[in-house]
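I opened the notebook to follow one residue through a fold. These are the entries in the order I made them.

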Amino acid sequence: MKSEVYYVKKSSYRTRVMKSLKGDVLMPSEIAKDSEILPNHISNTLRQLREHELVECLNPEARKGRLYRLTDLGNEVVEELQQ
């Protein structure tokens, strides 16, 4: 898990998105507002985090209104980030 924590810490966008999702299921627009990241950067950041199995999309078939949440590994990483 240490490599995942390091991976997230290397990017302020990844760190802020992960913290924004802690305990929530959010749409990208909500993540953008909460994390104060421009919406056009959110989808790329979410893709990176999905590839590392830190977040998951609950409705990938939807074209609009996709919902994201942290995976179990993602929750562990966020807990580590907050220490």
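I first wrote down what a nonpolar core is: a set of buried Ala, Val, Leu, Ile, Met, Phe, Trp, Tyr and Cys residues joined through side-chain atoms within 4.5 Å. Buried means under 20% relative accessible area, exposed over 50%, and partly exposed in between, with a 1.4 Å probe and protein chains only.

I noted that this is a predicted model, where local features need pLDDT of at least 70, side-chain atom pairs count only at pLDDT 80 or more, and totals for chains, interfaces and linings use all residues. Residues are numbered from 1 along each chain as its sequence is written, and side-chain values use heavy atoms, with hydrogens and water left out.

I looked up the largest nonpolar core, which has 21 residues; Val8, Val17, Met18, Leu21, Ile31 and Leu46 touch the most other members.

I then asked where Ile31 sits. Ile31 is in helix 3 (residues 28-35); a helix here is a DSSP run of H or I with at least four residues, numbered from the N terminus. Ile31 counts as buried because its relative accessibility is 0%.

I listed contacts, meaning heavy atoms within 4.5 Å. Beyond four places in sequence, the partners of Ile31 include Val17, Leu21, Leu46 and Tyr68. With neighbours up to four places away left out, Leu21 touches Ile31, Leu46 and Tyr68, among others.

Last, I checked how helix 3 meets helix 2. Arg16, Val17, Ser20 and Leu21 in helix 2 meet Ile31, Asp34 and Ser35 in helix 3.

How values were computed. Helices (H or I, at least four residues) and strands (E, at least two) are DSSP runs, numbered from the N terminus.
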